[in-house]
Amino acid sequence: MESKKSDEAAISSDAKANYDAKGKAVEGAPPPPPPPVVVTTKATKIRNIRGKKGLAIIDIVLRLGAGSAALAAAYIAGNTEQILPFFTQFFQFHAQYNDLPTFTFFVAANAVAVGYIAFSLPFSIVCIVRPHAIGPRLLLVFLDTVMVALVMSAAGASSAIVYLAHNGNLNSNWLAICMQYNDFCQALSGALVASFVAAVFFILLVVNSTFALKRK
């Protein structure tokens, strides 16, 4: 009987030691990793798609504004002329946009901008249908930047000529011809304003497309 009791006491002490060892092992073990956090949910995806579609709609509105302004600039400058009689009806002074290469470049640059807007509208529509398409947006950003440089260079060069036509320059013996060709100069000034407005629209297009590309 004493041997049985000693055996049972030994077994119980061994079990208790194992239990304590297991308990200590569990307590000393590192905590389990946290469950994975789902960052992108269905709701956020829907919000991102709506946001990209909204930017694409703004893109079309800006393109229509840029095309309208560039068309107005090219049409006004291309159809502006004034004739001044001098002494007789057979000897006249005639002023047209193509008398100066700067204004010829101005009309051509704005006409190219109008053609580009017609070319880019299908790509802008694709961005509405497929908001996550990156290729069309990259192409539009690149071409919009080229149009900014083209329209701004044409408007800047022409504005210098129009300034001289209004005010003249005594050092270079440039006369202020707008005193005689008032209607011609006023029309060109309006065309310049329309061209700068088109340039602003193109700058906004670049900014809008950049935000659309940055938005995930």
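**Helix 3 and its neighbours**

Let's begin with a crossing: helix 3 and helix 4 cross in a left-handed way. Keep in mind, please, that we are looking at a predicted model. Helix 4 covers residues 135-167, and its axis comes within 9 Å of the axis of helix 3, at a crossing angle of roughly 160 degrees. Angles over 145 degrees count as roughly antiparallel, so helix 3 is roughly antiparallel to helix 4. As for who takes part in this contact, there are 23 nonpolar residues, six polar ones and two charged ones.

Now turn to the other partner, helix 5. How do helix 3 and helix 5 cross, and at what angle? Helix 3 spans residues 101-129 and helix 5 spans residues 182-214; their axes come within 12 Å and cross at roughly 40 degrees. That makes helix 3 oblique to helix 5. This crossing, too, is left-handed. On the helix 3 side, the contact uses Phe103, Phe106, Asn110, Ala113, Tyr116 and Ile117, while helix 5 brings Leu188, Ala191, Leu192, Ser195 and Phe202. Sorted by class, that is nine nonpolar residues, two polar and no charged ones.

Finally, the annotation. An unreviewed UniProt entry places "transmembrane region" features at residues 55-77, 103-129, 141-166 and 186-207. In the model, residues 103-129 are 100% helix, with end C-alpha atoms 40 Å apart. Residues 186-207 are likewise 100% helix, and the end C-alpha atoms of that span lie 32 Å apart.

Thanks, and I'm happy to take questions!

Technical notes:
Residues numbered from 1 in each chain as written. Predicted model: local features only at pLDDT ≥ 70, side-chain atom pairs only at ≥ 80, totals over all residues. Heavy atoms only, no water. Axes fitted to C-alpha atoms, helices over the stretch in contact; angles between N-to-C directions. Helix = DSSP H or I, 4+ residues; strand = E, 2+ residues; numbered from the N terminus. Parallel < 35°, antiparallel > 145°, perpendicular 65-115°, else oblique. Left-handed = near helix turned anticlockwise from the far one by under 90°. Contact = heavy atoms within 4.5 Å. Nonpolar A, V, L, I, M, F, W, Y, C, P; charged D, E, K, R; others polar. UniProt positions renumbered as here; feature names shortened; annotations may be inferred.
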